[in-house]
Amino acid sequence: MDRLSLYLDPQIRDWVLFPITLVMILVGVLRHYVVVLLQSPPKKLSRAATREQRALTRSQILRATSANSPIPPSFYKAISQNLSEAFKAGTYLKDGPPKGDAPPSAPNPLSDPAAMDGMMAGMKTQMVMMVPQMVIMGWINFFFQGFVLIKLPFPLTLGFKSMLQRGIDTPDMDVRWVSSLSWYFLNFFGLNGLYRLILGGDNSADASRDMTASPFAAMGNTQPGQPQDFNKLFKAERDNLEFAEGLYSWVGENMETKILRKYGKLPYDSK
Amino acid sequence: MATPADTSAQLVFAPNVLHNQALNSVKFLSSCFAGAVAGILGLENWLGFALFIASIISTSFIIYAVNCRGKPARYLPGGLGELINPGQDNIFTFILVWTLFYGIIHVYD
């Protein structure tokens, strides 16, 4: 069984092996471009809405490096206090400062058109991803069934026999002789690297990636969307700013002493 | 509360990290060629995987010595681990190309 070698018609190589690979590469590239074309451009936010989001981002950037901050104390404290007061007074809010009597209602995701667009885009890409895979599998099962295609150079356990030798009813044949569907699976996993090379890192032809991401991405994309109460976010950000201000220290503090010590003009133990 | 990871994250220059994608291309191409070599030589079973591991080691050694000049932590955010790790994609690419060339040369007459 180990030295037994089947003789395969070279036409199988020409008409099955190469065409399957070629078709899978081309369908992957096609899928990527279809997704690119189907993506609607991101909805333009109004100036007030953009200002509101950017204010939050500015404060987060400020906070992120506060422990080792590159900006001197006067600047840092000025920006921090400015933002803090603006958040409190609500000057950056999209609809103006809160009225005080009417509690702001979070927009319903189903009625807010911006969030709907996000969900639709996610579902569209999912459809585009899954359909070609099903079609190709059906095509292979229909046309290329019932014969041995190739011999794997590495051994597998008998458990794989039913999956890789579908349609060939020989109980004794080595698992290394496989049918065309297993060539499809090999290509399915192995071509991702090629897509990354020709389509760039963020391509939509990567099939195995959306198999793992699909249940969660659909959920995750709807959450951090429009239905966010910026008033509450601003209040939380105020607290964070105060906390960061407590942690603040400038990298350039005591710089004169540090430089003198580094160049040996000042002994290490003096203050 | 600034952990050392935070302070060093501040020093990473984003456009350079993007350029490190070139490293991924190198890894992909080297695993393609390793697969071709393994298939042409007719290596089977563990010999083929040994060739793959040898190709990973030699590629990462060359990058370590020539490009990173012995200090991968300065050039790659993940350090030595990121340099050596071939990634799941490249393992499957190796197996695909290996099977392809093995089949073309040794199975088909």
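1. The side chains of A:Arg196 and B:Asp89 form a salt bridge with an N to O distance of 3.2 Å, a salt bridge being a side-chain nitrogen of Lys or Arg within 4 Å of a carboxyl oxygen of Asp or Glu. Across the interface of chain B and chain A, the rule finds 2 salt bridges.

2. This is a predicted model, in which local features need pLDDT of at least 70 and side-chain atom pairs count only at pLDDT 80 or more, while totals for chains, interfaces and linings use all residues. Residues are numbered from 1 along each chain as its sequence is written, chains are lettered from A in the order in which they are written, and side-chain values use heavy atoms, with hydrogens and water left out.

3. The contact (heavy atoms within 4.5 Å) takes 35 residues from chain A and 27 residues from chain B. About 2,700 Å² is buried between the two chains, with carbon and sulfur atoms giving 67% of that area; buried area is the accessible area (1.4 Å probe) that two parts lose on being put together, summed over both.

4. On the side of chain B that touches chain A, at least two residues each are supplied by α3 (21-41), α4 (45-67) and α7 (88-107) of chain B, where helices are DSSP runs (H or I, at least four residues) numbered from the N terminus. The largest share of that side, 13 residues, comes from α7(B).

5. For chain A, UniProt (unreviewed entry) places the feature "transmembrane region" at residues 15-38, 128-150 and 181-199, though such annotations may be inferred rather than shown by experiment. Residues 15-38 of chain A are 100% helix and 0% strand, with the end C-alpha atoms 33 Å apart.
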